[in-house]
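Subject: Structure handover

Hello,

Here is the structure you were expecting, with the sequence alongside. My notes follow below.

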Amino acid sequence: MPDPGYMRRSPVTYTGMLWLLAAQLVVMLPLAFYLPVWLIPVLLFSAGWRLRVMQGHMEQPGTIGILIIGSLGIIALTVSGIPRVSLDMMASLLMLGFAYKSLEVIQRRDAMVVILTGYLLVGVLFLYSQSILAALYGVFSMTVLTASMIALQSSKSTVMLVNLRLAGLMLLLCLPLMITFFVFTPRFSPLWTFTLPSSQAKTGMTDRLTPGDIARLSQSDEPAFRVNFAGERPAQKALYWRGLVLNHFDGKTWTQFADDIDPESVKTVLKTNEYNIKNRLVKKGSGLRYSVIYEKTAQPWLFALSPVVDIQGDAAFGRDFRIMARKNVMEPLQLTLLSYPLALRDVILPPWRQQLALQLPSQGNPRSRQLAQELLAKSPTKSHFIQTVMNRYRTQDFYYTLRPPVLQTTDTIDEFLFSSRRGFCAHYAGSFVFLMRAAGIPARIVAGYQGGEWNEKGNYLTVHQYDAHAWTEVWLENQGWVRFDPTLMVAPQRIEQNLQTAVSEEGSFLEGQLLTFAKYNWLNSIRKRLDSGQYAWRKFVLGYNGETQSQLMQRLFGKLSLLKTALIIASLFFVISLLWLVSLGLARRHPQEAPEHQLYRRFCTLLEKQGIHRAPSQTPHNFAQLAASRLPALASEIQTFTNNYIQLCYSPPEDSDSHATLQRLKTRFNSLSKAIKTLRKTTGT
Amino acid sequence: MNTTPLLHDINAALKALNQVILGKEEQVRLALSCLLANGHLLVEDLPGMGKTTLAHALANVLGLAYKRVQFTSDLLPADLVGSAVFDPKTTTFHFHPGPIFSTLFLADELNRATPKAQSALLEAMEEKQVSIDGETHTLPAPFFVIATQNPQSQSGTFPLPESQLDRFLLRISLGYPAATVERELLKGNKGRAALPQLSQMLNRESLLTLQKLVPQIKVSDTLLDYVQRLIARTREDELCYLGLSPRGAMALMRSAQSWALLQGRGHVLPEDVQAVFVAVVGHRIIGRKETQGEQLARHVLHSVDAIGGIGVKNSA
């Protein structure tokens, strides 16, 4: 029975209300990580109130009550410390309304408003997290939302699993359309941008090196980036992922520049172009092409095998052979890079730049300065001197440890080189550069990551935060900047294998984290598998942008014209709708009504045009009487037709030909419709 | 067999009945068609609405042996079916039949009796025989039970469960008479006062013949389509808690045939089904949310299309 007021007039059942509450909870839970947590109690409060009302224990709140409750919520939001105009505020307001609405869910229409808002909130979640986990959860929320919509529509309380299964099936039917939209929807660059909440940014490399920083990173097993090599994978010990260059030393901390400037300014200062980089290089060895997907860090630093000569993707060259993102990395960023790791860099370095790499505080660490001078005096050449310093780390009893003693004095280099002798890469790199500079050799610290974990299944390399490393570059005539890693002298396993092996005796690998896969060997294969899934997600789903889209389109369909695109999309939609028709059984032919009934219905339509309506329960006889009284001129025609119909339907003569009877009925119908036409003509004129 | 004189007689009987039970043509017709369909009748009404008069008049007109028992809570099954009595002359027990051995049995205020007494009656209604002391005694044919129930003042009653209500083919209620009819009644020469003037219009043989005619009334496929749509709706409607059982569906068909026979027709029309639908279905289905079965039956009747269906050829 088609009834336009159906939705408005049907109240939500108790079961439907419970379903709705479940769906709302499912939708709101993940958002509670990013938005005020107290929104969930608000939901429980308002849904609980409504449920109590349905049980008859409580009264529905009046207008004033709703006003008070509503303004309380808004006041709570304003004092919660969220910036007034921000995404967080908009999402929180939406959530607040979403939570409150359940108090007002009385009619089915109200419930539909809640469910549709729920679908929107599922989308809002992706503004905060785009991980594969968030996507899976999104699918789950959609299923529960759809199931609750089903529960709301049916008056009978069906089993939970039945609703969920039906909802799953419905979503599955939408899958082809979803994929089509994903693949074909044009990717426009956003017309406007807003700052995403940065509180959630992961820890990454910082732009300063105080002994301790890298040790902190080494306690994190979060992935930093993943690399896929186009050709052969380089040896593990050659994997120096160069990121930041630290030039300035103030006696305690290494920074990029003398002034403490923010990353945004660093980018402007260092910005250069490909041409400049290529001019300062002498290419040696073969090029290495690889693609990298960086995790979000809220920083502009990127890490690559240096020097990079070609970038495909959204990144810029830095003057000191680094690469940087144009914007802070707020979402996973994919780049394809070409590097020549063996190339010579800055063979010719202007004296003022050499001076920059010789900077030292005017005083402090006297013993180290003295040591540098002594060793330099003993060495015939610069490279001999460098070798002597490197060997010193190996021959004397230095230890590689993630638990270095706290340095007590201000002369940290002296204390490290002569008394404590325990440290990790930052200590070694720092002291090495100090000695170089004290001897008048240009040198600098490089911070980045070293090594990575090879995933056999996915054929890619994952570099974790615990792979963070610091090493040095020394400028030599005719060779340019040459990489030296003093840590290699003390703990060769760190470079040749990984951090875990280097500190296996000490047992300090990820010691701050109890629950981590990387620590336990037996969980490692599971971890790698999960990581492999995440990598594929990053690469194929999140990394699918306008550029890859057009590449795919070209590969699939050749050169595209507007007409061709339209045709492809139209045919895809056609196939999908055909699939739907078949799977929903809509294409199946419905059993048709018998011809006599079809004829009778035409008779009804005919009379309806004359303003005579037949109620469903009206029998042919009663209807004929009604029609005859309203159209006396046609009374006999109507009666004859009806009598014929009644006879055919209810007392078909056994021996006579039903076909002939039907023919007779048709004739009657035709004469009736003709009579009506003439009637209309006469009354019309 | 020529049935015209029989139909003439039964119509005369109807006319005579309407002289006594004023302004209740529909109910009288339903009662008569219930009898012809070989079913039992449940009359649910307030006291003083003429339930007894209806039963008595039916008995008089159809020449049935009428007996009446007022059901009370201390009524025993033996009070209905009879008992074995010791005969000192022959020094043997011999069966003394109870009031149930009649052709029209009026069970007044059935719901006042205990379930035990109720079930004794219901068993007799179903089996058309009673068993006492291992001996089976067949009840006379036709055997017609009219039971009355007072829907109000339910205290101290044993309402019949649904399964037992199902034994009654039709349930009707008489209701207040119209003003003009009531005026006639107040004048005092109509209604119960006219009962003795009623003469027998049909004999037992004619009644049995008519009962045999009922199943022969033709039911077309189109009509079956309609009946099945009605049945399906009682099971699928969202107001329905308990739909019509197959036994109920058969009862509906039989009543409609009987109604058609009373109209003097050899086939069933949708009108016939509609006429008996509420009386047949009302006490057999249960609605949700305090919807009365009767209301629900009306709702179903109004919402189902009276015509249409896949018809003769396509269903074959």
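This is a predicted model: local features need pLDDT of at least 70, side-chain atom pairs count only at pLDDT 80 or more; totals for chains, interfaces and linings use all residues.

Chain B overall

Chain B has 316 residues, and 51% of them count as buried. If you take the contacts in chain B between residues at least 6 apart in sequence, 78% join residues at least 24 apart.

A helix pair in chain B

Two packed helices are described by the angle between their axes and the distance between the axes. In chain B, helix H9 covers residues 221–236 and helix H11 covers residues 270–281; their axes come within 11 Å and cross at roughly 30°. Angles under 35 degrees count as roughly parallel, and H9(B) and H11(B) are therefore roughly parallel to each other. The crossing of H9(B) past H11(B) is right-handed. On the H9(B) side the residues that meet H11(B) are B:Leu223, B:Tyr226, B:Val227, B:Leu230 and B:Thr234. Their counterparts in H11(B) are B:Pro270, B:Val273, B:Gln274, B:Phe277 and B:Val281.

Backbone points in chain B

The peptide bond from B:Ala141 to B:Pro142 is cis, with omega near -10°. B:Pro142 sits in the loop between strand E7 (135–138) and strand E8 (144–149) of chain B.

Two residues of chain B have a positive phi without being glycine: B:Glu109, at about 50°, and B:Lys128, at about 60°. B:Glu109 lies in the loop that runs between strand E5 (104–108) and helix H5 (115–127) of chain B. B:Lys128 is in the loop between H5 and strand E6 (129–132) of chain B. With a relative accessible area of 24%, B:Lys128 is partly exposed, because buried means under 20% and exposed means over 50%.

Strands in chain A

Strands of a sheet pair through backbone hydrogen bonds, either parallel or antiparallel. In chain A, three strands form an open sheet in the order E6-E11-E12, with antiparallel pairing. Its edge strands are E6 (271–272) and E12 (323–325) of chain A, each of which pairs on one side only. Strand E11 of chain A, residues 315–318, runs antiparallel to E12(A) and is joined to it by three bridges. One of the facing pairs is A:Phe317 opposite A:Ile323 in E12(A).

Which strands pair with E13(A), and in what sense? Strand E10 (residues 308–312) of chain A is joined to strand E13 (residues 333–339) of chain A by four bridges, and the two run antiparallel. Strand E8 (residues 288–294) of chain A also pairs with E13(A) in the antiparallel sense, over seven bridges. In E13(A), A:Ser339 stands opposite A:Leu288 and also opposite A:Val308. A:Leu338 of E13(A) is the bridge partner of A:Asp310.

Are E13(A) and E10(A) mostly buried or exposed? Five of the seven residues of E13(A) are buried, so E13(A) is largely enclosed by the rest of the structure. E10(A) is mostly covered, with four of its five residues buried.

There is also a cis peptide bond beside this region of the sequence, from A:Ser306 to A:Pro307, with omega near -5°. A:Pro307 lies in the loop between strand E9 (304–305) and E10 of chain A.

Two positions in chain A

A:Ser46 belongs to helix H3 (residues 39–55) of chain A. Its relative accessibility is 0%, so A:Ser46 counts as buried. Apart from neighbours within four places in sequence, A:Ser46 is in contact with A:Ala99, A:Tyr100, A:Ser102 and A:Leu103. A:Glu104 is 58 residues from A:Ser46 in sequence, while their C-alpha atoms are 8.5 Å apart.

A:Gln107 is in the loop between helix H5 (87–101) and helix H6 (108–128) of chain A. A:Gln107 is partly exposed, at a relative accessible area of 26%. Its C-alpha atom is separated by 5.8 Å from that of A:Ser10, which is 97 residues away along the chain.

Regards

Note on methods. Residues are numbered from 1 along each chain as its sequence is written. Chains are lettered from A and ligands numbered from 1 in the order in which they are written. Side-chain values use heavy atoms; hydrogens and water are left out. Two strands pair if DSSP finds at least two bridges between them. Buried means under 20% relative accessible area, exposed over 50%, partly exposed in between (1.4 Å probe, protein chains only). Contact means heavy atoms within 4.5 Å. Axes are lines fitted to C-alpha atoms, for helices over the stretch in contact, and angles run from 0 to 180 degrees between N-to-C directions. Angles under 35 degrees count as roughly parallel, over 145 as roughly antiparallel, 65 to 115 as roughly perpendicular and the rest as oblique. A crossing is left-handed if the near helix is turned anticlockwise from the far one by less than a right angle, and right-handed if clockwise.
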